[in-house]
Amino acid sequence: MNLNLTGQSIVVFGAAKGIGRAIADGFRSEGCTVHGFDRDDSEHSVTLGDVTSYDSVRAFVDTLDVVDHVVFSVGVGSGKFGFPFWNLEPSDWMRVIEVNLIGAVNVAHALAPRLIERGKGSFLFLVSVAGQVGSQTDPPYSASKAALINFTQCAAKDLGPHNIRVNALSPGMVKTELNRSIWAAGQSKLSEEQRITFDEWATEKSKKVSHLGRWQMPEEFAAMATFLASDHAKNITGQTLNIDGGQVMHS
Ligand SMILES: NC(=O)c1ccc[n+]([C@@H]2O[C@H](COP(=O)([O-])OP(=O)(O)OC[C@H]3O[C@@H](n4cnc5c(N)ncnc54)[C@H](O)[C@@H]3O)[C@@H](O)[C@H]2O)c1
């Protein structure tokens, strides 16, 4: 399928690692120019910055010429095991909400006027199955993703009349650093004998939660992100698309 994205300009927040990095590479292989932004530039060429700072996001956006599509793949957890929820302190919530939700809001505010000016384009936010089912692993993470799913719908309604589409991609379990931190937080609660390796944990968990019984890989999100940016998806907006091996099914 020809996606006809050659020459388009894409901005990816969270482009240094994991899913964001794979999405950036996916757009590059479609012939797009990719502008990456991340707080960490150790693995890839990106502009350094923190999405929680509106000034930092705006300063980056001011350096860009044309913007066709925007991807927000930033996400963090509390780093603690939040089940039951009182394992966490209320103060553990703030940074997670700030990065996962306010970061995305900062990006939307900074870039919507640029896309409106051109009368076309799209936003894509990375959310999570955890935001749809009240996952008990990390309540502030789940709540931040539920809020971002809702904001995706609000933004899709506001931007639809400007010919700008807004969607969310929802992973289940993807082999990235973020999952490694969830495994580590869970292991810290166990005795020496109960502990298992990251691969053992992931294999066991993906068999349990996914009906296909396997991990999702970052490249699968690149395939969907490029499709959603293309004209083949011109009537898809306000949607949360699960790439999760069937972990979440709404009746
Ligand atoms: N990996 C999974 O299984 C999984 C599951 C569900 C949802 N998700 C979501 O998918 C997205 C990508 O996850 P991933 O697994 O690739 O994570 P990752 O940790 O591998 O990558 C996240 C990127 O965001 C960057 N980042 C974090 N905080 C930042 C900040 N304040 N400012 C700028 N950059 C910042 C990190 O440096 C990193 O490059 C996230 O939104 C995550 O919540 C992932």
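Author: Residue classes come first: Ala, Val, Leu, Ile, Met, Phe, Trp, Tyr, Cys and Pro count as nonpolar, Asp, Glu, Lys and Arg as charged, and the others, Gly among them, as polar. The model is a predicted one, in which local features need pLDDT of at least 70 and side-chain atom pairs count only at pLDDT 80 or more, while totals for chains, interfaces and linings use all residues. Residues are numbered from 1 along each chain as its sequence is written, and side-chain values use heavy atoms, with hydrogens and water left out.

The ligand is surrounded by 29 residues, where a residue is near a molecule if one of its heavy atoms lies within 4 Å of it. The closest of these residues are Asp38, Tyr141, Val174, Thr176 and Asn179. By class, the shell holds 13 nonpolar, nine polar and seven charged residues. At least two shell residues come from each of helix 1 (18-29), helix 3 (91-118), helix 5 (139-159) and helix 6 (177-187). Helices (H or I, at least four residues) and strands (E, at least two) are DSSP runs, numbered from the N terminus.

Several atom pairs between protein and ligand can be named. They are polar contacts, that is, pairs of N or O atoms within 3.5 Å; within protein, one atom must be able to donate a hydrogen and the other to accept it, and residues adjacent in sequence count only if both atoms are side-chain atoms. Thr176 places a polar side-chain atom 2.4 Å from an oxygen atom of the ligand. Val174 takes part through its backbone, with an N or O atom 2.7 Å from a ligand oxygen atom. The side chain of Asp50 has an N or O atom 2.9 Å from a nitrogen atom of the ligand. Taken alone, the ligand exposes 830 Å², and the protein buries 97% of that area. Accessible areas come from the Shrake-Rupley method with a 1.4 Å probe; for residues, only the protein chains shown count as cover.

The empty space in the protein may be considered next. Rolling a probe the size of a water molecule over the atoms shows where empty space is left. On a 1 Å grid over the protein atoms alone, a cavity is a set of points where a 1.4 Å probe fits but cannot get out; a pocket is an open set with protein on both sides within 12 Å along at least five of seven lines, and lining residues have an atom within 4 Å of a point. Grid points are joined across faces, edges and corners, and a volume is the space filled by probe spheres set on the points.

The second largest pocket has a volume of about 300 Å³. Its lining comprises 15 residues, of which His69, Lys120, Gly121, Ala229 and Asp231 are the closest to its centre. Three of the lining residues are nonpolar, seven polar and five charged.

One cavity reaches 30 Å³ or more, and the largest cavity holds about 50 Å³ of space. Phe27, His69, Val71, Ser122, Phe123, Leu124, Arg165, Asn167, Ala225, Leu228 and Ala229 line it. Strand 4 (69-72), strand 5 (121-126), strand 6 (164-171) and helix 8 each give two or more residues to this lining, which divides into seven nonpolar, three polar and one charged.

Some individual residues complete the account. Gln216 lies in the loop between helix 7 (198-209) and helix 8 (218-229). Gln216 counts as buried because its relative accessibility is 3%, buried meaning under 20% relative accessible area, exposed over 50%, and partly exposed in between (1.4 Å probe, protein chains only). Its side chain reaches the backbone nitrogen of Gly172 at 3.0 Å and the backbone oxygen of Arg214 at 3.5 Å.

Asp40, in the loop between strand 2 (33-38) and strand 3 (47-48), is also buried, at 19%. The side chain of Asp40 makes a polar contact with that of Lys17 at 2.9 Å. By contrast, Asp55, in helix 2 (residues 54-62), is exposed at 62% relative accessibility.

Two backbone features remain. Phe83 and Pro84 are joined by a cis peptide bond with omega about -5°, and Pro84 lies in the loop between strand 4 and helix 3. Asn163, in the loop between helix 5 and strand 6, has a positive phi near 65° although it is not glycine.
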